[in-house]
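Start with one residue pair, then widen the view.

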Amino acid sequence: MRPAAVLTGLAGMAVVAGLLISAETRLRGGTGGEDMITAEAQATDTAAEIAPEAAGRSAPIPDADAEIIARAAQPAAPSPAPTESAPADPPRPSETPGGQTAAPAAKKPIELARPLAENAGLLSFGERRLQLAGIIPTPADRICGPAGRQWPCGMMAKTALRQLLRNRSLTCDLDMAEWKGTATAACRLGTQDLGTWLAENGWAEAEAGSPLDAVAEKAKQAQKGIYGGDPRRK
């Protein structure tokens, strides 16, 4: 909008305001004509003062400058407060819907075919190996007995386990049917636990703290297996 038009509008508003004031005074029974003449004179003087300013500023303002002036008159919008990103929560262990930590997957009985005894306590299934739980495997090259009466107890223990297995399938408690390297598990031939059988017959020692400690100790007291003499001389 141009300044001349603004000033002209203000002059007109002043005249109208003066007339309204005089009319209100007349209705209230005031001084009457004198007040009205005075109000009209004031409105006319105001219009006369504004008119020269409008005439002296009749030059048009470019639209670009008018837009700049209008933008400058507007109050600046407050800048939003900086937000701080909340720290990431540390990783949590997997939980069940009830909020309890999920337990690791339980082992399950898996049938394994054609086991090969590498020694009394270690079985092989191709490239995979499985150590019987609860015992210390007896190396196949172990020698037992006093000097002069030594005998290959490790080889005899291995032969005893092979004769028990006879390539029959076993049931072992494992996480999965396929694994790499050497796994440790309890295995059964039918209902006979292999670790218990080795400990009872003295063909393998029990691990420290194993439930088979008492069984292995009885075999030692009875001088069975590796704790006794060469069974070939009996």
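## A pair across two strands

Ser-124 stands opposite Arg-129 in E4. The strands involved, E3 (residues 122-125) and E4 (residues 128-132), run antiparallel and are joined by 4 bridges. Strands are DSSP runs of E with at least two residues, helices are runs of H or I with at least four, and both are numbered from the N terminus. Two strands pair if DSSP finds at least two bridges between them.

This is a predicted model: local features need pLDDT of at least 70, side-chain atom pairs count only at pLDDT 80 or more, and totals for chains, interfaces and linings use all residues. Residues are numbered from 1 along each chain as its sequence is written, and side-chain values use heavy atoms, leaving out hydrogens and water.

## The sheet and its helix

The order E2-E3-E4-E7 describes an open sheet of 4 strands with mixed pairing. E2 (116-119) and E7 (182-185) each have a single partner strand, so one side of each lacks a neighbour in the sheet.

Helix H4 (residues 153-165) packs on this sheet and touches E2 and E3. Contact means heavy atoms within 4.5 Å. The direction of H4 makes about 170 degrees with that of E2; axes are lines fitted to C-alpha atoms, for helices over the stretch in contact, and angles run from 0 to 180 degrees between N-to-C directions.
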